[in-house]
Amino acid sequence: MLGQETAKIPSLGVVVAVRGSVVDIRFDDHLPPIYSVLLTGPEKKIVIEVLAQEDARHVRGIALTPTQGLARGMAVEDTGGPLKAPVGKAVLSRMFDVFGNTIDREAALSDVQWRSVHRAPPSLARRSTKSEVFETGIKVIDVLVPLERGGKAGLFGGAGVGKTVLLTEMIHNMIGHHEGVSIFCGIGERCREGEELYDAMKEAGVLPNMVMVFGQMNEPPGARFRVGHAALTMAEYFRDDEHRDVLLLVDNIFRFIQAGMEVSGLMGQMPSRLGYQPTMGTELSGLEERIANTDTGAITSIQAVYVPADDFTDPAAVHTFSHLSASIVLSRKRASEGLFPAIDPLQSSSKMATPGIVGERHYGLAQEIRRTLAQYAELKDIIAMLGLEQLSPEDRNVVVRARRLERFLTQPFFTTEQFTGLKGKLVSLADALDGCERILNDEFKDYPESALYMIGTIDEAKAKGKPVPPAAAAKPDSTSAKLGLKDAAGLRAKAASGSQPNAGAKPQPKLEHAGGAHES
Ligand SMILES: Nc1ncnc2c1ncn2[C@@H]1O[C@H](COP(=O)(O)OP(=O)(O)OP(=O)(O)O)[C@@H](O)[C@H]1O
Ligand SMILES: [Mg+2]
């Protein structure tokens, strides 16, 4: 049923204990090795993967399917091999579960090979060291966090900040001009999202170069733990056998770690920090290290990473960070301000952002943008306390530039057209850089901020808004002062009521203090 060849002489065992997903089995003659797949249950539909040999007669395994109906004394069949995934041209345009069964209600697979999902990463000698930028058409990513062709990028964020939307948008933007194969792996997320993606891809006509593999949140931990390996096995086939470039998209790698934690807990291992499994590092690197470039083909991977409770020091997030060449951090604050994609440019980073790779001009501009946004972030406290009018003219210019940059770096997405009502835009790197440069040169300082919000190229700003006449602009900077004054009023009231930690201190020293912080 699994498409897996059974061993010539299946060795038979007996179920001796069932505890949720953990099953103990006795084999009297031949003990199956670790990672062997066993079949049991009334119709041999329950699949178990051996994870430990307890003693000379017993193995302990984790079920990859629900274990309802399994009872002690039931016969267990050893398939004589590990879990396998189908590979070959025939898997293109299909949708699979962890066992390699098709789940798209189309015709059965023919002409595929089955390969073990447990494979070693390519050796160091086979890896390629070229660095090339991978354009996404999303301004803020291409300018500030350029992705690497054949690299691993992570989209970090707490619940509901737009990871899935951003990932889907990237698929949408790349799939057209990406000649290679795209593999989408859904781990522990909503089934609904899988179905929506499938329909969207089918409609866009890009399914012929796409494979989808799902182990969603309704499936047992064992299945969610192995589905990433199954997807990667298919990706490796296209890289190693067909020498094609592969785009591997994972939503969500945190769920892989979480499934490993559940498996580890069920197997009775002692939990480590924050309840994570002691083997988290090895499990994650076992998967991530297989995503690599070789001289013949590359696997570029983009992974969504759920960050529990928005805590970026969570061990799962920290371990994942270290594997990636670009980290895109989504911030709840920006999402709440409607600045989508809610990427925090000051926390995101990419190892491609160096002059040697992106060129002097791009590097210089990116640095200048970061500096402006960082200065604005520092000035925010002062604006909140004292209002914008207290800033020096240079600082006020920084604020004007930063707020226009922030807005220019938002972008309407194709995937959100239905609920934002805005048409999606794809922006080339050259246009994005050009726009940022012109904003930094103060070309748009008289335009209302809203003219730069949710646009594609900078020229749309000119069509959308007219410069405010100099007379009006000379009056207290109407648009940008608004935010500052509102927040400042609140804070001043607070200070007056004496609820501040440094209550009693006169406002004056506070100004000096804040000014000092800004200068440093
Ligand atoms: N670029 C965007 N434009 C407009 N709205 C957006 C955008 N990105 C996200 N949103 C809003 O945020 C919501 C949540 O986004 P999404 O489902 O991608 O979050 P998520 O980070 O994947 O969440 P979860 O961790 O729950 O999977 C969307 O339904 C949408 O309303
Ligand atoms: Mg999501």
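A contact here means heavy atoms within 4.5 Å. The structure is a predicted model, in which local features need pLDDT of at least 70, side-chain atom pairs count only at pLDDT 80 or more, and totals for chains, interfaces and linings use all residues. Residues are numbered from 1 along each chain as its sequence is written, and side-chain values use heavy atoms, with hydrogens and water left out.

**Overall**
- The protein has 17 helices and 18 strands, taken as DSSP runs (helices H or I, at least four residues; strands E, at least two) and numbered from the N terminus.
- Of its 520 residues, 52% are buried, meaning under 20% relative accessible area with a 1.4 Å probe, protein chains only.
- Among contacts between residues at least 6 apart in sequence, 72% join residues at least 24 apart.

**Residue D251**
- D251 lies in strand β15, which covers residues 246-251.
- Leaving aside residues up to four places away in sequence, D251 touches T164, L167, F184, C185, G186, I187, E189, E193 and A304.
- D251 is buried but has no salt bridge, and R190, the nearest side chain of opposite charge, is 6.4 Å away; a salt bridge needs a side-chain nitrogen of Lys or Arg within 4 Å of a carboxyl oxygen of Asp or Glu.

**Largest cavity**
- A cavity is a set of points on a 1 Å grid over the protein atoms alone where a 1.4 Å probe fits but cannot get out, and lining residues have an atom within 4 Å of a point.
- The largest cavity holds about 50 Å³ of space.
- Its lining consists of I187, G228, A231, L232, L248, V250, I253, L287 and I291.
- Helix α4 gives the most to this lining, with three residues.

Key. Chains lettered and ligands numbered in written order. Buried < 20%, exposed > 50% of the residue type's maximum accessible area, 1.4 Å probe, protein only. Lys, Arg positive; Asp, Glu negative; His and termini not counted. 1 Å grid on protein atoms, 1.4 Å probe; cavity = no way out; pocket = protein on both sides within 12 Å on 5 of 7 lines; lining within 4 Å. Points joined across faces, edges and corners; volume = space filled by probe spheres on them.
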